[in-house]
Amino acid sequence: MFVNQIKRVPPIAVPIILAVIVVFLPQLGLSLPNQRQVLLIGFLTLLVSGLNLSLGYAGELALGQPAIYATGAYVAGYMGVHGETDIFLQILAAIGAALFVGLLTGIPGLRLGNWSLAMTSFFLVLLIPDIVQIFQNQTGGAIGLAGIMPPTAFGTQLTNYGYYLVCVLSVIVWLAFMRNLVTSRHGIALRVLRQSPVLASSLGISVFRTKVTAYALGAVPAGVAGALFANLDHYIAPTEFDFALAVTILAASILGGATSVYGAIIGAVIMQLGPLESTSFQNDALIFYGLLLIVGGVLLANGLTGIATNAWSRWVLKRGPVSRSVHISPDFQFPPMSGASLEVHSISKSFGGNKALRDVSMTAERGKVTALIGPNGSGKTTLLNMICGFYKTDAGSITIDGHQIDGRRPSEIARQGLARTFQMPMIPAGITVSDVVLSGRYTPERLSIGSAVLRLPKYWRVHRHDRERIDDILEIVGLTDLKDEEAVKLSLGTRRLLEIARALVSEPRVILLDESASGLDEDEVARLALLISRIRDAGGSVILVEHNFRLVLSLADTIHVLAQGEIIASGAPAEIEINPRVLKEYLGVKEKDIEEAAAIIEADTTGQQR
Amino acid sequence: MTLIWSALTIGAVYALVATGYNIVFTASGAFNFAHASLMMLGVFIAYWGLNVAKLPVIVVFLIAGGIVFIVGALEERVAIRPVRNPEALLVTTVGVATLIDGATQRIWGPSPLEVPFFGSNQVVTIFGGRVLPDELWILGFTIVVVGVLMLLSRRTMVGLAMLAIAENREAAQLRGINVRRIAWGAFAFSGLLAGLAGPIIGPQTFASATLASSIALYGFVALAIGGFGSLPGGLIGGFVVGLAQEYAARYWGSTYSDIAVFALLLIVLLLKPNGLFGRINERAV
């Protein structure tokens with residue numbers, strides 16, 4: 001079957017074939033005006049691709065691409081006018097300038113999130129004429145910068161084809177870098193971050209730094225495009241870089257699909273050959289773009305690329321909803337874990353006049369399961385949020401193996417070895433099961449963006465480790481069969497297991513399970529209990545926040561009971577289950593029911609031991 | 001003092017943009033990038049009504065307010081409500097702004113048009129500064145709008161409902177607040193204000209196709225200085241932006257006025273990202 005043959009073609013083959021064709025187009029007799037057209041598409045592709053990195057992957061709209069483009073063009077143009085004609089040197093200088101402008105707007109712009117980056121970067125576009133005017137001796141002012149000398153490479157002047165080649169290869173190299181970046185763990189980190197900053201920081205991903213990095217990296221191709229553009233006509237004018245260009249770039253991004261690598265090409269081709277070509281269209285350009293942005297924003301989830309990918313997975317790969325169940329074999333062992341002790345020293349927290357926690361102390365030791373129970377509103381979640389760094393403590397301290405963690409950012413605490421799951425599982429949409437687990441590998445083994453983009457030996461080493469660990473853990477939790485499925489489509493119980501897998505793969509020193517048993521059926525609870533006891537046996541430290549009293553009694557080594565912001569009892573399960581205050585406040589049990597409850601629990605634990 | 005008056009006047013225009021952002025932001029959590037374009041549309045309608053159709057002033061106000069009211073309501077229906085992913089609002093509101101900008105350019109052309117003032121042009125002197133009556137109108141209109149809105153937001157059910165939505169959307173819904181209708185109303189109402197502002201700000205700003213993108217930015221700076229969601233903050237922020245712009249232009253030259261505002265924005269975002277009147281919310285899981 002034709003369809004089966006298509007399936008066997010590796011997806012990377014298509015862009016490679018396309019790249020080779022474009023490189024040899026002039027040899028195949030493409031006319032000069034049409035070569036120019038290809039180059040303009042290439043420049044637009046670079047601009048759109050940079051925007052995609054911040055809008056599609058980091059979720060931040062940047063309207064300032066024209067300003068970065070202008071920066072690159074003026075830097076290269078200034079060098080060209082003053083005899084520094086080596087195009088590679090110009091590109092490097094343009095990249096430096098672009099990164100500088102990117103950081104200058106990115107750092108303040110990303111402080112507030114949402115719209116402030118769009119606005120600070122958009123402001124740059126408005127400033128272009130002013131800045132060009134102020135430096136008119138260097139930039140030629142409003143008339144434009146003329147007299148840029150023809151580009152050279154390694155001392156010889158570039159031929160037309162040489163220049164064409166430099167431009168096309170720049171685009172290809174950038175797209176290869178971009179692809180390498182977004183398919184690496186950094187790409188997963190960006191997608192996690194975009195959907196949930198809270199989840200990202202619990203995985204050790206610094207929200208602010210990652211967003212700034214994505215946005216600043218997105219400035220690089222715009223700077224390169226500027227340097228190349230300055231050498232196209234040997235003349236640049238400030239009017240090229242205006243609001244209309246910003247909207248064109250945005251429209252191309254939305255049309256091609258912002259969360260994709262190659263969508264930028266599709267968007268750029270359509271914009272360059274369609275709207276930007278026809279002169280009669282100029283008057284109505286804004287109206288058309290406006291409509292396109294509205295329709296695209298409302299209807300297209302990820303542009304034309306998104307439509308194509310959906311069709312591909314629906315008709316060629318025949319993917320449907322997932323409804324397989326999960327099996328765990330009971331005879332597995334975790335490799336030894338290096339658990340740490342987490343200590344909470346008399347912390348307090350109040351919100352306004354409401355004292356959420358008063359003088360709370362507890363300890364979770366290595367190789368032990370420490371449970372935290374308490375009725376709703378008792379302060380469990382507040383305590384969790386303080387341990388994870390989402391709230392600041394009013395008084396007291398929290399330490400992991402003696403290292404103070406209170407007052408640190410959530411991502412730093414995660415890097416100290418604290419991993420957690422969530423009451424409502426936080427699983428980003430559009431990511432496969434194995435990639436969800438991969439997102440947990442961000443902390444234990446570091447990998448720089450540089451190694452990921454250039455695919456250095458370090459990348460492959462880390463990549464191999466990641467794969468091994470992920471396969472092992474998926475095997476243990478019984479999700480191996482599901483590893484290529486989209487994770488959000490799984491059932492609640494399976495998602496909870498997946499979250500535990502994600503936490504475990506980060507080689508945590510303390511693992512914090514937030515109401516992992518709620519919403520699970522009896523089989524699933526049994527599986528969960530087995531997992532937890534095996535983590536303990538391997539030497540991990542587990543903190544269990546739970547409503548399932550029976551599960552807690554059967555699993556925990558120590559139980560802390562929280563009520564109205566205070567620890568009302570601490571001790572072994574045997575002490576807690578007969579503590580009258582616990583029974584009254586937490587369970588609401590009357591005296592005569594106590595014996596009955598104890599009997600049930602006993603039956604339960606003996607049942608499990610068999 | 002003359003400089004201060006003109007700075008406050010231009011600042012008041014930015015404060016109006018910030019107020020429009022705030023109304024919609026409080027009621028629906030959306031940032032309406034197109035609000036400045038709505039105001040520009042009001043100015044163009046004022047130009048048409050006063051200069052081309054020569055209609056009575058009151059009729060011009062009614063037409064401008066009415067049309068922009070409808071455009072605002074349409075915007076919510078077409079570009080806000082159907083959008084599932086809040087991130088996509090960034091794109092659709094830019095789309096609405098671009099569409100309005102393109103349409104006004106198509107109808108009225110790219111060059112700035114003068115909007116006549118409906119009152120006298122007799123210069124008056126207040127506190128030793130010379131000021132035109134149309135400037136006083138802008139100042140007065142802005143202060144009254146902000147003042148009334150502050151009262152309304154505390155004293156009426158709709159205002160309280162909006163505050164409730166800003167605090168917690170789901171909880172507000174559970175208390176029987178029709179979140180969708182309030183968001184729709186907020187867009188329409190901010191449109192009404194933008195339309196009514198048209199004939200008032202027009203004599204100062206001119207009906208120009210580039211008006212929207214610049215006041216969209218200055219309005220945003222005003223908002224950032226004052227803090228998202230704060231009405232008095234937006235007013236003061238607007239004045240600060242106006243003063244920075246006028247003083248920079250006066251002492252360093254007009255090419256520096258935008259750069260001064262940009263520097264102001266960067267400094268505020270770095271040092272006080274929640275603005276002067278903004279609140280800090282602790283996040284919870």
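Contact means that heavy atoms lie within 4.5 Å.

## Basis of the model

This is a predicted model, in which local features need pLDDT of at least 70, side-chain atom pairs count only at pLDDT 80 or more, and totals for chains, interfaces and linings use all residues. Residues are numbered from 1 along each chain as its sequence is written, chains are lettered from A and ligands numbered from 1 in the order in which they are written, and side-chain values use heavy atoms, without hydrogens and water.

## Nonpolar cores

A nonpolar core is a set of buried (under 20% relative accessible area, 1.4 Å probe, protein chains only) Ala, Val, Leu, Ile, Met, Phe, Trp, Tyr and Cys residues joined through side-chain atoms within 4.5 Å. The largest such core has 266 residues, of which A:Phe43, A:Leu61, A:Leu250 and A:Phe334 touch the most other members. Domain 1 (2-315) and domain 2 (342-577) of chain A both contribute residues, so this core lies between them; the domain bounds come from an automatic or database assignment.

Not counting residues up to four places away in sequence, A:Phe334 touches residues including A:Ile473, A:Leu504 and A:Ala538.

## A buried leucine

A:Leu199 counts as buried because its relative accessibility is 1%. A:Leu199 and A:Met426 are 227 residues apart in sequence, yet 6.8 Å apart in space, C-alpha to C-alpha.

## The sheet

In chain A, an open sheet of 6 strands runs in the order S8-S9-S10-S5-S11-S12, with mixed pairing. Strands are DSSP runs (E, at least two residues), numbered from the N terminus, and two strands pair if DSSP finds at least two bridges between them. Strands S9 (residues 510-514) and S10 (residues 541-545) of chain A pair in the parallel sense over 5 bridges.

Terms used: Buried means under 20% relative accessible area, exposed over 50%, partly exposed in between (1.4 Å probe, protein chains only). Helices (H or I, at least four residues) and strands (E, at least two) are DSSP runs, numbered from the N terminus.
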